[in-house]
Amino acid sequence: MASSDATSNEGRIKKRSVAGSFLFKLPQGDEKQAQVALFRRSNKVSTYQHKLAPISGSIETYDASPFATALREINEETGLTLSSLELLRVGKPYTFTDFSIGREWTINPFGFRLKDKAEGGGGEEGITIDWEHEGFEWFNPLDVKDTDEFGGVPKLVNSLRRVWPEYDLGPRAGKVLTSGLQQLRNDHESGARQLAAVAISILRSLIAEMDSNVMDDTWWANVRMAAWHICKTRESMGAAITSAIAKALDQIGVILSRDLSPLEKVRQMTEAIDNQLSQRGCTTDRIRTSFVDYLRQNVTQTPESRKRISVLTLSSSSTISACLLQAAAELGVSLDLRILESRPLCEGVTLASKLLEVDNESVDLNVSLYSDASVALAADGIDIVMLGADCISSAGDVSNKVGSLPAILSQRHIAPNAKVIILSETEKIASPGLIEGHLVEENNPVELMRTWNGNVRGASVIEEALRDGENSSTQPKVRVRNIYFEWVPAQFIHAYITDEGMWSIEDITKKSKWIGDEMDRFFKGL
């Protein structure tokens, strides 16, 4: 662990920012059976010798982020690479001072799941500790204590509870959160809007199961910490989830301040969340209306007025399918729909099937499915590129399914007069920040590789090279990358059609500031 201390003028306290990473194993993939590894520090380290701790290391100037520090330190201290790990939790950073050694620590906690060999990981056998540790042990997270007898580093429980908030929630509410976060993380079919609804449903169930006999500041802090993890579990979908959670927390906070019995407060809180969920169904109707108005003004009633509209899209979105069907019915136009199959899960095929299942004689619809690689051919002669959004940055850049940017680049070359339209709820607008600050969601390469098995010559060579790389201490010769989302720059987008009408980048920036302020209000003091 390298040192990058900064000394303050007050009391010569050295300040250090570190990444602290907890490694978890989940028997049979069940997070309710989670065990956490704690590493016993050796007598060769400068602080906290022979104490149990997570994998820790200083955030250096050359590290791109605390997350990059965490990965670097894990590799240095255990030999594990990213292929053996899955990001499980991102904890809320905090700061404390240990006057006994003259250090002010800023801790950036992370939780990683250790992949087993069946997933292409190294498993527990892949851990090779370096000189900084004497060994490691596995614990039930709830059994970790801040006592001399347990023998952990200072604030060990505070760091752990920030990646494992179940520690403070009690058994029933803890199980709700554990299974809820697992559901959000593993759902690769639902879009951001659907996952946002799941997120606030998890928060509702958690509140219903918490021990609410005393609803004080500690209770409120525990709710907000759980909400933080709900927001952070799927960073690629985090904007929609965070907006929905912020609205729910606002209502919960108002009810918490009322002079009511705990039982009545819980009843009103769950009822308020139920009302929030019921109102979400109207957003698609509003987007649909705005989309039809846009087509009427910009496509069907232009000097080049037409009775046939050619649309290029990809992935699967209930909002997009609803808008297309509404436009065909109301405007009396024929839709020439070109859909990219959207590997690896082929959601484009799902979208096509949904549209073809609709029994509506008033809709004139022709569907063509294209491979992702033939996007330039699919773009020939189109009028519209129609995309959803999983996240919109404060500058109007849009994160959507991989394949979105190639589709637009093809459109700009093949059909330069076509319009690029984004359909999105305003809740998908993220807090202020550059797109580089958003984590890249990289998923299991098996999703890609299973389509090769038995069909692609040489697939077995790739699989063998991956296994060899996992068992080697050197850089692997090959990686299979399964990235779900990519960014489309705002300069390529002609229109943002939302549940609140047509929005400009100025509107988006204002909404982004609001969600940033809400995040500070609920999470800054944790």
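How much space lies in the largest cavity?

1. A word on the model first. This is a predicted model, in which local features need pLDDT of at least 70, side-chain atom pairs count only at pLDDT 80 or more, and totals for chains, interfaces and linings use all residues. Residues are numbered from 1 along each chain as its sequence is written, and side-chain values use heavy atoms, with hydrogens and water left out.

2. The largest cavity holds about 250 Å³ of space. On a 1 Å grid over the protein atoms alone, a cavity is a set of points where a 1.4 Å probe fits but cannot get out, and lining residues have an atom within 4 Å of a point. Grid points are joined across faces, edges and corners, and a volume is the space filled by probe spheres set on the points. The count comes to one cavity of 30 Å³ or more.

3. Around that cavity you will find 20 lining residues, with Val-18, Tyr-48, Ser-56, Ile-107 and Val-153 nearest its centre. Two or more residues each come from β2 (14-25), β5 (55-58), β7 (94-98), β8 (103-114) and α2 (156-163); β2 gives the most, with three. Here helices (H or I, at least four residues) and strands (E, at least two) are DSSP runs, numbered from the N terminus.

4. Next, the second largest pocket, with a volume of about 550 Å³. A pocket is an open set of points with protein on both sides within 12 Å along at least five of seven lines. Its lining has 31 residues, and Glu-189, Ser-190, Gly-191, Ser-315 and Ser-316 lie nearest its centre. Elements giving two or more residues to this lining are α5 (192-209), α10 (318-331), α11 (347-357), β15 and β16 (419-424).

5. Strand β15 (residues 398-401) also contains Asn-400. This asparagine is buried, at a relative accessible area of 7% (buried means under 20%, exposed over 50%, partly exposed in between, with a 1.4 Å probe and protein chains only). Leaving aside residues up to four places away in sequence, Asn-400 touches Leu-387, Gly-388, Ala-389, Asp-390, Tyr-484, Phe-485 and Glu-486, where contact means heavy atoms within 4.5 Å.

6. Finally, the structure holds zero disulfides (pairs of cysteine sulfur atoms within 2.5 Å). Cys-231 is buried at 4% relative accessibility, and Cys-391 is buried at 2%.
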